[in-house]
Amino acid sequence: MQQLKVGVLVKNASFINGNWLTNNTQFSVHNPSNQQLLANIADAGAAEAEQAVLAADQAFASWSAQPASKRAEILQRWYQLVMQHQDDLARLLTLEQGKPLAEAKGEIAYGASYMQWFAEEAKRLYGDTIPAPSADKRIIVQRQPVGVVAAITPWNFPNAMLARKAAAALAAGCTFVVKPAQQTPLSALALAELAQQAGVPAGVFNVVVGTDAKAIGEVLTQHPKVAKFSFTGSTAVGKQLLKQCANGVKRVSMELGGNAPFIVFDDADLDAAVQGLLASKFRNAGQTCVCANRILVQSSVYQAFIDKLLPAVAKLTVANGLSSNSQIGPLIDKKAIEKAETLQQQALDAGATLLLGGKRDSSGELFYQPTVLGNINADMAITQQEIFGPIAAIQQFDTEQQAITQANNTEYGLAAYFYSRDIGRVFRVAQALQYGMVGINEGIISNAAAPFGGVKQSGYGREGSKYGLDDYTDIKYLCLGGLA
């Protein structure tokens, strides 16, 4: 923390209505790499959450009345400040979340790209004029901001998940209240400091940090002044939050769990597939919602693929995220590493083969070796649950239809990946996969220009792209009569 160039980015209290609110009750934030104390943060609860919602509601009228060009100008300044402080923000992120510093710098740029994208999209929030049924009428359609937006964001991308929600909300003319994960509040609070520096008015962007997730969540999902709620996290928690939003008939967007298949067909470029899998599976130590979770390899190239994969995985360096050579950082907490161990042991007990790794790493308590398991089958728990760890579990298939059937055999539908050089197969498989996003010969698919989101129990709504403002606007129809 002392090596940050700009110490003002380190905050220890919620940011509400343009003020930093401290109190005597605090919670601790620790570095998952070494369990060292990073900061003590003022522990906010339901009262502070309500205060934030009321501040956002009060600020809504003036913010939504701003010309789109003015909102765009402020978002552009926010983007520029984030990129100006990219190194500090990345270091802060690595300290509280653990991912390698190079990945953290990438996340900062990725999150900032949404600020830049929606600054531009704010000026393109077009409506329509529709041909009327008679000459004396005109039909006009407008898109207006929904109002106060509340959000809950996860620990695995503490900067980017917040940035892409907040940027869209503010661009549309909404005001915003967010509760970040208690494991990683520092990144969110740093964004609040930069938002204030960028000229975001008081009450427009609010961050509530606290450990009582249930109480804060109830306010954000049930308060009558909240018009829309956005959540990124597990499907189980998302279902509960959906129930809480139902009574108020709130607009909701959900980015929930995934169980991404990664399919390698016999006509694939195996070297490219290995590199794509390394990026998709082992980024953030396997702790991403779009992480390759089930690796399906056609039987005729199974051994050839394994032979290329194992030495590539063996070269990955496990180390503290601040180390210059780090490629695999720690898992977020003890519960996470115990889950990875349990899923692996269950698979081995059921007949899987350990091909590489398979145990905790000497780098620290929460580090796990990059692991490859073979002879996996669809009945194992490791294929049915999100691993959220650096374990590549590989199974075989014989035919294209078997691959499609296995890939779709899940309640989730966030992301899928496949490698093939057959153009006919590319279109057949892409069409057949029941997922919101499909990477074809590509392991990294997310960017600000593309609509991010899933189907089935992976949620609904889209973030980013030209569609990203839809969930933050209401469509209003105006019928003008008496014009003849």
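Colleague: What kind of model is it, and how are residues numbered?

Modeller: It is a predicted model: local features need pLDDT of at least 70, side-chain atom pairs count only at pLDDT 80 or more, and totals for chains, interfaces and linings use all residues. Residues are numbered from 1 along each chain as its sequence is written, and side-chain values use heavy atoms, with hydrogens and water left out.

Colleague: How do β12 and β18 pair, parallel or antiparallel?

Modeller: Parallel, over 3 bridges, with β18 covering residues 415–419. F262 has Y417 in β18 as its bridge partner.

Colleague: What is the order in the sheet of 3 strands?

Modeller: β5-β6-β22, open, with antiparallel pairing. β5 and β22 are its edge strands. β5 (residues 128–130) is joined to β6 (residues 138–145) by 3 bridges, and I130 stands opposite I139. Between β6 and β22 (residues 473–480) there are 8 bridges. There, I140 faces L478 and V141 faces Y477.

Colleague: Switching to N259. Where is it?

Modeller: N259 sits in the loop between β11 (251–255) and β12 (260–264).

Colleague: Why does N259 count as buried?

Modeller: Because its relative accessibility is 2%. Buried means under 20% relative accessible area, exposed means over 50%, and partly exposed is in between (1.4 Å probe, protein chains only).

Colleague: And what does the N259 side chain make a polar contact with?

Modeller: The side chain of N293, at 2.8 Å. A polar atom of the N259 side chain also lies 2.8 Å from the backbone oxygen of T383. A polar contact is a pair of N or O atoms within 3.5 Å; within protein, one must be able to donate a hydrogen and the other to accept it, and residues adjacent in sequence count only if both atoms are side-chain atoms. Leaving out residues up to four places away in sequence, N259 touches R294, Y412 and Y435, among others. Contact means heavy atoms within 4.5 Å.

Colleague: How many residues are in the largest nonpolar core?

Modeller: 66 residues. W78, V82 and V207 are among those with the most contacts inside it. Helix α5 (residues 160–172) gives the most to this core, with 11 residues. A second, separate core has 57 residues, including A268 and Y419. A nonpolar core is a set of buried Ala, Val, Leu, Ile, Met, Phe, Trp, Tyr and Cys residues joined through side-chain atoms within 4.5 Å.

Colleague: Last one, α6. How many of its residues are buried?

Modeller: 12 of its 14. P185, L189 and A198 are among them. After α6 comes G199, with a positive phi near 100 degrees.

Key: Helix = DSSP H or I, 4+ residues; strand = E, 2+ residues; numbered from the N terminus. Pairing = 2+ DSSP bridges.
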